[in-house]
Amino acid sequence: MQPLLSDSPFGAITCKAGNRICSSLTAENPLTGTRFCDLCCSEPGFCGDCCCILCRKLITLDYDGYSYIRCEATVVDGHICGHVSHLECALRAYMAGTVGGSINLDAEYLCRYCDTRTDLVPHALKLLNICTSVASYADIEKILNVGICILRGSQKSSAKELLHRIESINAKLMKGVSIQDAFKKESCVDSTVLPVVNKYQKHSVQTKLQYDQKIKLESLGKSMKEELFVAQLVHQLNAIQLLLGPN
């Protein structure tokens, strides 16, 4: 997507916030279906495409825009809301993450403009995937911490599982484990299952030993029986020879 320059002969298309990389300046703007906002978007210097609805500052596209969330709820006549917010701002304003009371969020984001709730679990998963291509330990920690903040306290099973995964990776990185090794998935066997597995394995070994001993004893018994039979046969032949006497 190429930006439409402000000196275009067809007319100046500019971002109200002066952002040269604003999505509204692209020839193939995916947000052309957003509804025009007559509240915050009418304020000077505020752009609904690239300004946080809470702090009014520009969002950043670093690492695939991990630090902000865009409301994609359909509001009027098929148009989407389109307002964006820094996740950090939303967390501080109790409009993201898990919040009790009348807001009642569970790993969700509440748009200040349209009051639509957005599930943040997919975004947290996106953060985890982004980290696999990041080379900086500091940046990975910063991205993972955002995921931890938006998932912590959630009652959703999917959020709990993802939080456990993120916290596990973060702990490994803090111990100096390499990025590649830290992101390797752990075995599906956890600490609660290991004792059962070990007990089963121990029982299997004992059973195998008992079976081997049984086979060995049976083989030994069979051999002894054969030797005894031969000895008895030889003894009987000797007795017959003694009865018959010498030829």
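This is a short walk through one predicted model, from its overall make-up to a few of its residues.

Two notes before we start. Residues are numbered from 1 along each chain as its sequence is written, and side-chain values use heavy atoms, with hydrogens and water left out. As the model is predicted, local features need pLDDT of at least 70 and side-chain atom pairs count only at pLDDT 80 or more, while totals for chains, interfaces and linings use all residues.

Let's take the whole chain. It has seven helices and seven strands. Both are DSSP runs, numbered from the N terminus: helices are H or I with at least four residues, strands are E with at least two. In sequence order the pattern reads α-β-β-β-β-α-β-β-β-α-α-α-α-α.

How much of the chain is buried? Of its 247 residues, 33% count as buried. Buried means under 20% relative accessible area, exposed means over 50%, and partly exposed is in between, with a 1.4 Å probe and protein chains only. The accessible surface of the chain is about 16500 Å². Carbon and sulfur atoms hold 57% of that surface. These areas come from the Shrake-Rupley method with a 1.4 Å probe, and for residues only the protein chains shown count as cover.

Now contacts, meaning heavy atoms within 4.5 Å. Take those between residues at least 6 apart in sequence: 52% of them join residues at least 24 apart.

Next, a sheet. Three strands form an open sheet in the order β5-β6-β7, with antiparallel pairing. Two strands pair if DSSP finds at least two bridges between them. Strands β5 (96-99) and β7 stand at the edges with a single partner strand each, so one side of each has no neighbour in the sheet. On average, neighbouring strands here are turned by 50 degrees against each other, direction ignored. For such angles, axes are lines fitted to C-alpha atoms, for helices over the stretch in contact, and angles run from 0 to 180 degrees between N-to-C directions.

Look at β6 (residues 105-110) and β7. Three bridges join these antiparallel strands. Opposite D119 in β7 stands E108. Keep D119 in mind.

On to charges. Side chains of opposite charge can pair when their charged atoms come close. The term here is salt bridge: a side-chain nitrogen of Lys or Arg within 4 Å of a carboxyl oxygen of Asp or Glu. The structure holds six of them. I'll show you some.

Back to D119. Its side chain meets that of K156 in a salt bridge, 3.0 Å from N to O. What does this pair tie together? K156 lies in the loop between α4 (137-151) and α5 (157-174), and D119 in strand β7 (residues 117-119), so the pair links parts that are 37 residues apart in sequence. K156 is partly exposed, at 23% relative accessibility. D119 is partly exposed too, at 36%.

Another salt bridge joins R92 and E88. Their closest N and O atoms are 2.7 Å apart. Both residues lie in helix α2 (residues 87-92), four residues apart, which is about one turn of the helix. R92 is exposed, with a relative accessible area of 65%.

Then there is D181 with K184, at 3.3 Å between the closest N and O atoms. D181 is partly exposed at 36%. K184 is partly exposed at 47%.

Aromatic rings next. A pair is described by the distance of the centres and the angle of the planes. Rings of Phe, Tyr and Trp (its six-membered ring) pair if their centres lie within 6.5 Å; planes under 30 degrees apart count as stacked, over 60 as edge-to-face and the rest as tilted. By this rule there is one aromatic pair. Y63 and Y66 form it, and it is tilted: 6.4 Å centre to centre, with 55 degrees between the planes.

Are these two tyrosines buried or exposed? Y66 is buried, at 9% relative accessibility. Y63 is partly exposed, at 34%. Y63 lies in helix α1. Its phi is positive, about 50 degrees, although it is not a glycine.

R56 also has a positive phi, near 70 degrees, and is a residue other than glycine. R56 sits in the segment before α1 (62-65). R56 is partly exposed at 32%.

Last stop, E161 in helix α5. E161 is exposed, at 59% relative accessibility. From E161 to L151 is 9.7 Å, C-alpha to C-alpha, and the two are 10 residues apart in sequence.
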